[in-house]
Structure formats: structure tokens, C-alpha cells
Amino acid sequence: MGVLDRTLTIKRVPTVLSNYQEEGDVGKLGCGRNCLGKCCLLVSKLPLYAYKEEDDAMIENGMAYSLDQGPSISFLHDLLLGQWEDRMRKGLFRYNVTKCETKIITGRYGFIAQLNEGRHLKKRPTEFRIDQVLQPFDANKFNFTKVGQEEALFRFEPSNDHITHYFPSAPVTSESDSPNIVAINVSPIEYGHVLLIPRIFDCLPQMIDHASFLAALYFAKEAADPFFRVGYNSLGAFATINHLHFQAYYLQVPFPAEKAPTQLISEAQDITRNGVVISQVLKYPVRGFVFEGGNTLQELSDAVANSCIRLQSINVPFNILISGCGKRILLFPQCYAEKQALGQVSPEVLDTQVNPAVWEISGHMVLKRREDFDKASEEYAWRLLAEVSLSEERFNEVKAVVLEASGLKEILTCGTCIKEEEGTEEFLQESCESAQLLPKDCIVLQ
């Protein structure tokens, strides 16, 4: 059966809800609770990080200047993490993620295992069935306009003067249109775990569009730190809230997926001349694509967004990891939920209750049971993730769709085209300065 003929049916899965959603309060939220909806946010003030959209060198990545051109601040460490820790002190998280046991699994890739029993126990059932990758937004269901303003950290908007600015307190007015909001994830997976919610008042469903995906790339670019990654889960690939959002957090080691060898499968010069190339991930349990290059961030963003929009239209679920400060995007089409619905997942894997979304697929295994954490091995991680991957035949069908959608053409590959990602030592050395700014109890130890 081809890609175009498949129908996806997915069972109920847990969701992460706001602290403000209490039992029986669904109809009362959104007004009078200091929420992020128009009813409350339009008369509020939030910090504003206004980034420059151009790729020129007027201001270095990750550096912002206030109106008086005062001392620069580090976006990631001083703003995002500072506010995230402030919310932790205020007790807004469901548990202290920095106390979760974490280890690097011995093996070639160094899969990361985390024991996060608290996250599993604190989840509530989702409010809707997920049967399709694309579904309309439903204002009656839980969405981020119902989140309390205390969970919001700042607005993330393009500047209007080609200079990056930071305003500690900026009013949200009707002229602000629909702001991009950065908020905490109340059930975090890692230190600094946040959500980027594009154009929150537009109430967009969980689907990729060009403008929102470009904002996510700028979010990674402005962080200017290779340890800060941005992730996305489509519906059908374990996104559990149908309101457009990206996730991001800081992990102080390379993800295994980032270290997997790749093989070039496309060339752009004859078609688009924008320098974007696509590679295929090799020797990894989940088949996927890597997008790199482009003369501008917009060109790279458009190539990925076009591919995602096409996959959405043919009901293929996928996960995205934005890596390398927005310069490298990994796209993983997946079929775990479909196999689960068809009863094709092994009981051993089902018993782990792990829903493999972007972080698990990238190699950060969030485990819910002590026994799984204690016995975790590279073989164990590989076996679990292999259930996620498309078959070779189906992957090749998806590959053709991705190449066509991105405007690229496939090239004949050979052994010499394989690129081994072996720069782990260099990767760590380049980022040691930023890593030193993190609390010591957040460092992943082997």
C-alpha cells in the first residue's frame, strides 16, 4: 500500500496540562484567571525579546540590546534560564526535573536514559482522540490560551528596525497582533524545558506552516548554543495538545541522532540554486532525513516546511529536531502509533509505556519505570526505537514525497558520500563555556 493510501488511527495518549486546568473547570478557564487569552493578555505586560530577521552581522547571535544600547545579555542563559529558574522557585512545575536520575548508556551512540517517574504519574488523560495528522483547532479543548500568565516567560517577536532588542516589560496591545509566547512546560523533561507557541491568539492547530517554522529556527539561532535544541511532534507522532507549539530544552551532551552518519541524497543547484541539501540518516534505529545548507535561514526553513506541509497533507506523522543553532534539521517520519493501533508493537515495548516522540527518537530516552532504567542498554534503546521507524519500502515512498516537496532531486549515492558525525570532542569543546553556566546537578554523567 502506498503512502497516499494509508489511514492513521491512534489510541488515546496522555497529555501534559497546565497547572491551571483543574477537574471540572474546563468551561471557566480563559477569563478572570490571568490567562494567556485575549481577555487577559491584552491588558498585560510581558518581557519582549525582539530578534532581527536578517542574516547580516550587525549583532552577534544570542546577543540583545535594550533601547539605551546598554550591556549585552545572553538570551539563553540570562533570560530564558533565569526566568525558568524563577518559575521553579515559585513552585510552578509538577516536580523537580533536576533531581531525576540520568545516565549515558554505554555503546557507540551514548543513548541518554532518564528516570522520570513523576512525569508519568502527574499526567492527565487527553481530552480528544487523535485520528488524523491534521485536525481543526477546538477552543473547547485544552489549549495554551487557558494557561496562566505566570507560566509565560517572554514574547519572542521579530524586531521592526533590523536590530535585536530586549524590553523587560512591554505591553501587549491589539496592535501587537498575535504574539509568539515562550512558556514553561509544567512537566519538564530537562532543565530549561520551554514551549514556543507561535501567534497564540490565532489558535493554530498543531501543524507546520512557513512563518511558524521560521520563527522556531530563529529561536534556535538566537540561543546561539549547540546544546539548546528545538523539537516538534505532529499529531500522530505524540503531540498531545492540538495547539501549535514547539518544545525546547538544554541538554549538555550530543543527541545520538546528531552523531549518526548520513548519506547525501539530493542536490539543489540544478533546481533551486539555494544550496539546501538533504541527507539520509544511516546506521540508526529510526530512518530519517537531515536538511542543511541554504544561503539564508529562510531558504532552509522553506525547504523543511514544504516537506512537512506535504507530509501533513498525506497523513504521515513526523517529528523534527532543530539542531546546530538552527543550521541542521532532522526530520523523522514515524509509524509507532499506527503500529500500536494495529497491535503490531511487541508487548515488551508496550509495557515500557514510552511514547517515542522527538526527544526519545533523538536518543534521550525518558523512562517511566525503575526496572527499565536499571536495565537500559544500547540494545534496549535500539529495539524500542526500531518500532518507530518506517520500513525501507515505505521510507523510500516518503523520500520521493520529501524531495518533490522541497524542490530537490535525488542523486545517485555511493560509499564516498557517507558523512560520519564523529566530532563529539570538538562539539563539547566549542560549547564548554556555555556548559559551565549550568547548575552542576544538571550535568549528565556516565
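Let's start in the loop between helix H6 and strand E18, residues 318-323, where Asn-315 is found. This is a predicted model, and in it Asn-315 has a positive phi of about 65° although it is not a glycine. For context, most residues other than glycine have a negative phi. Is Asn-315 buried or exposed? Its relative accessibility is 9%, so it counts as buried.

His-162 is not a glycine either, and has a positive phi of about 65°. It lies in the loop between strand E8, residues 152-158, and strand E9, residues 165-171. His-162 has a relative accessibility of 44%, so it counts as partly exposed.

Back to H6, which covers residues 297-313 and packs with H12. Two packed helices are described by the angle between their axes and the distance between the axes. For H6 and H12 the angle is about 130°, and the axes are 8 Å apart. That angle makes H6 oblique to H12. The crossing in which H6 passes H12 is right-handed.

Now H12 itself. The helix has 15 residues, 392-406, and at 1.5 Å a residue these should span 21 Å. The C-alpha atoms at its ends are 21 Å apart, so the two values agree. Which residues of H12 are buried? They are Arg-394, Phe-395, Val-398, Lys-399, Val-401, Val-402, Leu-403 and Ser-406. Just after the helix comes Gly-407, with a positive phi of about 75°.

Next, a sheet. Three strands form an open sheet in the order E5-E6-E20, and the pairing is mixed. Strand E5, residues 101-104, and strand E20, residues 364-367, stand at the edges. Each of these two has a single partner strand, so one side of each is left without a neighbour in the sheet. From one strand to the next, the twist averages 20°. In general, strands of a sheet pair through backbone hydrogen bonds, either parallel or antiparallel. How do E6 and E20 run? Strand E6, residues 112-115, runs parallel to E20, and four bridges join them.

Last, the cysteines. A disulfide is a covalent bond between the sulfur atoms of two cysteines. How many disulfides does a search of the whole structure find? The count is zero. Two cysteines to point out are Cys-325, buried with a relative accessible area of 15%, and Cys-335, buried with a relative accessible area of 7%.

Note on methods. Residues are numbered from 1 along each chain as its sequence is written. This is a predicted model: local features need pLDDT of at least 70, side-chain atom pairs count only at pLDDT 80 or more; totals for chains, interfaces and linings use all residues. Side-chain values use heavy atoms; hydrogens and water are left out. A disulfide is a pair of cysteine sulfur atoms within 2.5 Å. Buried means under 20% relative accessible area, exposed over 50%, partly exposed in between (1.4 Å probe, protein chains only). Two strands pair if DSSP finds at least two bridges between them. Axes are lines fitted to C-alpha atoms, for helices over the stretch in contact, and angles run from 0 to 180 degrees between N-to-C directions. The expected span of a helix is 1.5 Å times one less than its number of residues. Angles under 35 degrees count as roughly parallel, over 145 as roughly antiparallel, 65 to 115 as roughly perpendicular and the rest as oblique. A crossing is left-handed if the near helix is turned anticlockwise from the far one by less than a right angle, and right-handed if clockwise.
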